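Hi,

Here is the structure I promised to pass on. Have a look at it first, and my notes on what turned up follow below.

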Amino acid sequence: LVVDDIVEDACGLARLLRTRYLVRIAVGLRDAIHEVAKKVPDVVICALDMPPYRGDALLAMIASEHPEVRRVLFSRQPPGALVVADATAHAVVHTPVDAAALLRAVGGH
């Protein structure tokens, strides 16, 4: 499940993943909660900034309710500018997104 409030960015990430994975897109936090309730995904890739919400809050909720879900945070902030607890996200990817790095983050390798 790719979650972002910017549809074009969500679609871009989905395109990078569709060669290997079945991908669903959620536009914003409320849509993501609805999608998770319909079917718990194996992986959630969530944007950090989705005003008025933050993606790490969504990932923390998912970690609490579905700890088996792999959680990846997508950030437009430069590497090193963001500190995320390991309990919230298993990996962080930054823009510009490198397809290989994204696939590693999703796959856990």
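Sorted by class, the lining of the largest pocket has twelve nonpolar and three charged residues, with no polar ones. Keep in mind that this is a predicted model. The space in that largest pocket comes to about 310 Å³. Its lining counts 15 residues, and those closest to the centre are L1, L22, P41, D42 and V43. Which strand gives the most to the lining of the largest pocket? That would be β3 (residues 43–47), with three residues.

Now the sheet. Five strands make up an open sheet with parallel pairing, and the order is β2-β1-β3-β6-β7. The edges belong to β2 (25–27) and β7; each has a single partner strand, so one side of each is left without a neighbour in the sheet. On average, neighbouring strands here are turned by 20 degrees against each other, direction ignored.

Going through some of the pairings:

- β1 (residues 2–4) pairs with β2 in the parallel sense over three bridges, and D4 stands opposite V27 in β2.
- β3 and β6 run parallel and are joined by five bridges, with A47 opposite F74 in β6.
- β6 and β7 are also parallel partners, over four bridges; S75 has H94 in β7 as its bridge partner.

Is β6 mostly covered or mostly open? Mostly covered: five of its six residues are buried.

Helix α2 (residues 28–38) lies across β1 and β2, and runs at about 140 degrees to β2. Helix α4 (residues 99–107) packs on the sheet as well, touching β3, β6 (70–75) and β7, and its direction makes about 150 degrees with that of β6.

Cheers

Notes. Residues are numbered from 1 along each chain as its sequence is written. This is a predicted model: local features need pLDDT of at least 70, side-chain atom pairs count only at pLDDT 80 or more; totals for chains, interfaces and linings use all residues. Side-chain values use heavy atoms; hydrogens and water are left out. On a 1 Å grid over the protein atoms alone, a cavity is a set of points where a 1.4 Å probe fits but cannot get out, and a pocket is an open set with protein on both sides within 12 Å along at least five of seven lines; lining residues have an atom within 4 Å of a point. Grid points are joined across faces, edges and corners, and a volume is the space filled by probe spheres set on the points. Helices (H or I, at least four residues) and strands (E, at least two) are DSSP runs, numbered from the N terminus. Ala, Val, Leu, Ile, Met, Phe, Trp, Tyr, Cys and Pro count as nonpolar, Asp, Glu, Lys and Arg as charged, and the others, Gly among them, as polar. Two strands pair if DSSP finds at least two bridges between them. Axes are lines fitted to C-alpha atoms, for helices over the stretch in contact, and angles run from 0 to 180 degrees between N-to-C directions. Contact means heavy atoms within 4.5 Å. Buried means under 20% relative accessible area, exposed over 50%, partly exposed in between (1.4 Å probe, protein chains only).
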